[in-house]
Structures are given as structure tokens and as C-alpha cells.
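Here is a briefing on one chain, for reading beside its sequence and model.

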Amino acid sequence: MPRSGKFVIKHGRGGKTHFVLLASNGRVVATSETYESKESCLKGIDAVKRLAADAVIAEEGQVATKREALDGKAARRK
């Protein structure tokens with residue numbers, strides 16, 4: 001059975017929070033900005049979940065369409 005990653009909410013000074021996204025092997029994939037509240041942090045996690053699935057892959061300075069990203073053309077364009 002494949003293991004999936006997980007979001008871990010971390011608490012800092014003054015009640016501020018941030019999250020890290022861990023891969024199934026426990027390594028950090030991404031770290032969020034700092035949020036003023038846990039509720040805001042949870043909204044950030046929801047946004048990543050919602051937006052990442054359909055996000056295109058583009059190199060800095062280039063704009064790719066979703067179709068190009070799926071076809072792998074964006075990475076080859078100059």
C-alpha cells in the first residue's frame with residue numbers, strides 16, 4: 001500500500017503557525033509562509049491542495065499553457 005505525504009502544522013512564537021509538507025519518506029517537500037493563526041494556516045493548506053493538482057510547470061520568465069505543461073513542451077521551449 002503506497003504511503004502518502006502529510007501536512008504538519010508547526011507552532012511558533014506569539015501563536016503564529018506555519019506548515020511543512022512531508023513526503024512519504026518524511027523529507028520536507030515544502031515549507032509555508034508564517035500565518036497569524038491556525039485557521040489561516042489551515043486555509044493555506046487547503047489552497048495548496050486545491051491549486052497544486054492543476055498547476056502548470058513553467059520555468060522562470062516563461063509562460064506555459066496547461067496543455068504544453070502536460071505535453072512536456074514548456075520545459076523544452078526557450
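An open sheet is built from 3 strands in the order β1-β2-β3, with antiparallel pairing. Two strands count as paired if DSSP finds at least two bridges between them. Strands (E, at least two residues) and helices (H or I, at least four) are DSSP runs, numbered from the N terminus. This is a predicted model: local features need pLDDT of at least 70, side-chain atom pairs count only at pLDDT 80 or more, and totals for chains, interfaces and linings use all residues. Residues are numbered from 1 along each chain as its sequence is written, and side-chain values use heavy atoms, with hydrogens and water left out.

- β1 and β2 pair in the antiparallel sense over 6 bridges. Within this pair, K10 has H18 in β2 as its bridge partner.
- β2 (residues 17-22) and β3 also run antiparallel, joined by 3 bridges. L21 stands opposite A30 in β3, and V20 has T31 in β3 as its bridge partner.
- Strands of a sheet pair through backbone hydrogen bonds, either parallel or antiparallel.

**Hairpin turns**

- β1 and β2 form a hairpin with 5 residues between them. G14 in this turn has a positive phi of about 65°.
- G14 is exposed, at 77% relative accessibility. Exposed means over 50% relative accessible area, buried under 20%, and partly exposed in between (1.4 Å probe, protein chains only).
- G14 and S37 are 23 residues apart in sequence, with 9.6 Å from C-alpha to C-alpha.
- The hairpin of β2 and β3 has 5 residues between the strands. Here G26 takes a positive phi near 90°.

**Salt bridge**

- The count comes to 1 salt bridge. The rule asks for a side-chain nitrogen of Lys or Arg within 4 Å of a carboxyl oxygen of Asp or Glu.
- E36 and K16 make this contact through their side chains, at 3.3 Å from N to O.
- E36 lies in the loop between β3 and α1 (38-52), and K16 in the loop between β1 and β2, so the pair ties together parts 20 residues apart in sequence.
- E36 is exposed, with a relative accessible area of 59%. K16 is partly exposed, at 34%.

**Helix α1**

- The 15 residues of α1 should span 21 Å at 1.5 Å a residue; the end C-alpha atoms are 21 Å apart, which agrees. The expected span is 1.5 Å times one less than the number of residues.
- Which residues of α1 are buried? They are C41, G44 and I45.
- An α-helix has 3.6 residues a turn, so residues three or four places apart point the same way.
- E39, K43, R50 and L51 are exposed on the face of α1 turned away from its buried side.
- The cover over the buried residues of α1 includes β1 and β2.

**Whole chain**

- The chain has 3 helices and 3 strands. From the N terminus on, the elements run β-β-β-α-α-α.
- Of the 78 residues in the chain, 15% are buried.
- Among contacts with a separation of 6 or more, 13% join residues 24 or more positions apart. Contact means heavy atoms within 4.5 Å.
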